[in-house]
Protein chains: 2
Amino acid sequence: MGLNRGFGSELCDDIALAISAERISERIAALGAVGCVEGGGVTRGALTDAEDSARRMVAGWLKPLGYACGVDSACNLVGRPPEASKVVIGSHLDSVPNGGRFDGALGVVAAVEVVEALVASGVSALPWIAAWMGEEGGLLDRTLLGSAAALGVLSEDDWARDTGHGKSLREMADSWRSRWPERAASLPLDQVEHYLELHIEQGPALDAAAQPVAVVRQIVGISHINVTVIGRTDHAGTTPMNDRRDAFAAAAEMALDVERLGRQRSGTAVATIGKFAVGPGAANVVPGRAQFTLDVRSPLDDTRHELVDQIRRSFSAIAESRDVVIEWSLDAETPAVEMDAGTRRVLGDCARSIGIEPMELASGAVHDAQNWAVAGYATGMVFVRSTGGSHNPAEHAESGDSALGAAVVALAAYELSEDPQQQ
Amino acid sequence: MGLNRGFGSELCDDIALAISAERISERIAALGAVGCVEGGGVTRGALTDAEDSARRMVAGWLKPLGYACGVDSACNLVGRPPEASKVVIGSHLDSVPNGGRFDGALGVVAAVEVVEALVASGVSALPWIAAWMGEEGGLLDRTLLGSAAALGVLSEDDWARDTGHGKSLREMADSWRSRWPERAASLPLDQVEHYLELHIEQGPALDAAAQPVAVVRQIVGISHINVTVIGRTDHAGTTPMNDRRDAFAAAAEMALDVERLGRQRSGTAVATIGKFAVGPGAANVVPGRAQFTLDVRSPLDDTRHELVDQIRRSFSAIAESRDVVIEWSLDAETPAVEMDAGTRRVLGDCARSIGIEPMELASGAVHDAQNWAVAGYATGMVFVRSTGGSHNPAEHAESGDSALGAAVVALAAYELSEDPQQQ
């Protein structure tokens, strides 16, 4: 098959060799300075100065490679190559508050590195490059916002929704877009076929297996639930312990059940309470109200549904035994998404051609790639080993591992543009 | 003894009969409209428009009774009678956010009612009336602020502390005080000897015993502790359940232990987590931080200390087993305060003279009365049966019960001014 021909060629060796771990490292450091906060973390919210500065920095790297850079209607950075292949490579530049320097940023740096390697090796058909706005859910409480906008799956209502900054999403994006000289640089959706994304794993599997990169098999499905527990607000001094309907104590019992039930399915599902508030929230008042988010994920949709049902039943039992009322609202549900089998095979072959037998992993995090997969594009993802967890300043990927990941993506981008039948 | 003489007299019958349940009810309704919020509750913060309007309303009731009304340096309302006895009767006009209409307000309304009854009965030596600013802890996170200021126990540092409203306590109080025509109407601390306060019970004891009023034996001691749990912030999707150091889950386990240990001492102590926050606080992030308040109360200081120690040991064990770090900070500690034995006897005799054999109760809530007791004044408190808990819109006291409570205070105020040796 074409792939073997490709990998046997000198050109493929050139492409792999032209990847520079040092350049990746320097660019991660440079991006990490944009929106950096005390303690080494970064805060680059969606449609903020910091996110826009990061886009300009990336555009500055792409322009010397012959790319025309602009932003689309959602303020996604789009890099148009002098001669375009049917491949898009992207990731995002926003971060969670006080997040790390690698989540998203490494994927964008790697995409630029892929172009560096392809250009240095004399490849003419080059991938489109995209840096998505607002992947982390900082706007409209919706993750993967920029790629959804680029793929045309945001509704008019979504565009008109208030961002909490006194403007609709449309107004806010327009305001940032108007500062760019080249406007509405949208991706030609009908001319591309493949989407590739490199991302840090954000989990411990590669580190535990002492492997530098993995091919993503699927992205987990997620249920987002909002729970409100209503008990009775009472005076903390005058209400005997046995006469309370403490909403917080009830919620604490529920939280331990979430942990217990999640642990029973450890390896196939996770369940997390990440946001939590009590009301009225005074030291001398027994809380009459507790409100929290529940995030349940699994690569297996059935497992996820079973776990959610189990948690719900447990909450009901706790609510009944404590004489509190529970409101349960399923706010969002995303099914698990398979990565394209053909693209996974190409990525696996590319990894093997540089001496790596890659693991296949499920992604516990959402990624813009899933929007592309759902939209019907042949989509593949590469994970790079990371340590220090994720969404925190300690997250880290070695530049050597990142270079191997970028090499896999570069080879795949080349292979997929050379021989489109393969996907 | 003088008491029997007093109670046998027609004058005492007159005083008791001149108490009007209807007037109490109307005035509670009128005060309840000041700072009322949706759902029937009131929000009258310390040094706000609502609290000041309430002061003006009370001054408007006292003036026709011959009282000169003004505010002191802390903006406490002080009502000076035409001819003063050595008795002060007071309570407070501020409320917790979305609190009830009776906590504090009933004590002030009852104090005015006492004056109504004494005046109507032709008594010449009348009590000073005080309505304390900021009893609930809304300013400087310190309860009983106004009475502490009136008694001269606030330090210069306290007065200079930032209130969170861009002003020091001194500046904020001065700004409100300057709107009153009569300034610096301070109580003559060296000319008074007794402090009396009526308050709703805010607990279930009187209701359970089907009794209208009680005499307060002592006010609980309180330990206020701030606890921070530090785990590790992680991605909620990529971090396996068994690889987490979830600060929130640890705090939830601690919360259930607070409840369990508190219940073991039900009747002699209470323990409450009323304020709770997680960080970073996003639906898709495993919390690396949880922060909460712990409020432990008992009428027995030894019991309180034992319970606090027990909770602390339990927290340490949980922290160790979950590999999280705990920061424990004892922020404030108030010993239990006994009410004056002589005054309790007078109040008990007064209650019996109108046919009530009063219970003696410990107060689980703090009250301005304890500042007076600590300052060495002969202090007594009367509780009125209340239902619907407290610090919430449902708190309620029947006007008939309130009238009985006011009658007890009126008779005691009369007795104490008639025969000062008794205290």
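The radius of gyration here is taken over C-alpha atoms, and the rule for a globule is 2.2 Å times the number of residues to the power 0.38. For 423 residues that rule puts a compact globule near 22 Å, and chain A has 23 Å, which agrees. This is a predicted model, so please keep that in mind throughout.

Some overall figures for chain A. Along the principal axes, its C-alpha atoms fill a box of roughly 80 × 45 × 40 Å. Chain A has 14 helices and 16 strands. Of its 423 residues, 58% count as buried. Taking contacts between residues at least 6 apart in sequence, 77% join residues at least 24 apart.

Next, one helix. Helix α4 of chain A covers residues 49-62, which is 14 residues. From first C-alpha to last it reaches 20 Å, close to the 20 Å expected at 1.5 Å a residue. Which residues of α4(A) are buried? They are Glu51(A), Asp52(A), Ala54(A), Arg55(A), Val58(A), Ala59(A), Trp61(A) and Leu62(A). As a reminder, an α-helix has 3.6 residues a turn, so residues three or four places apart point the same way. What do the buried residues of α4(A) pack against? Their partners in chain A are the helices α3 (21-32), α5 (105-120) and α8 (169-177), together with the strands β1 (68-71), β2 (77-80) and β4 (126-132).

Is Pro64(A) buried or exposed? Pro64(A) has 9, so it is exposed. From Pro64(A) to Trp128(A) is 64 residues in sequence and 15 Å in space, C-alpha to C-alpha.

Now the pair of chains. Chain A can be laid on chain B with an RMSD of 0.1 Å, by a turn of 179° and a shift of 0.0 Å along the axis. The two copies are thus related as by a two-fold rotation axis. The residue of chain A that comes closest to this axis is Ala252(A), with its C-alpha at 2.3 Å.

Last, the interface. The contact takes 58 residues from chain A and 58 residues from chain B. On the side of chain A that touches chain B, α10(A) gives the most, with 9 residues. Other elements that each supply at least two residues include β9 (270-272), β10 (276-279) and β12 (289-298) of chain A. By class, that side of chain A has 23 nonpolar, 25 polar and 10 charged residues. Of the interface residues of chain A, 100% are also interface residues in chain B, so the copies meet through the same surface.

Conventions. Residues numbered from 1 in each chain as written. Chains lettered and ligands numbered in written order. Predicted model: local features only at pLDDT ≥ 70, side-chain atom pairs only at ≥ 80, totals over all residues. Helix = DSSP H or I, 4+ residues; strand = E, 2+ residues; numbered from the N terminus. Expected span 1.5 Å × (residues − 1). Buried ≥ 20, exposed ≤ 12 C-beta atoms within 10 Å, placed from the backbone. Contact = placed C-beta atoms within 7 Å. Least-squares fit on C-alpha atoms with pLDDT ≥ 70 in both. Nonpolar A, V, L, I, M, F, W, Y, C, P; charged D, E, K, R; others polar.
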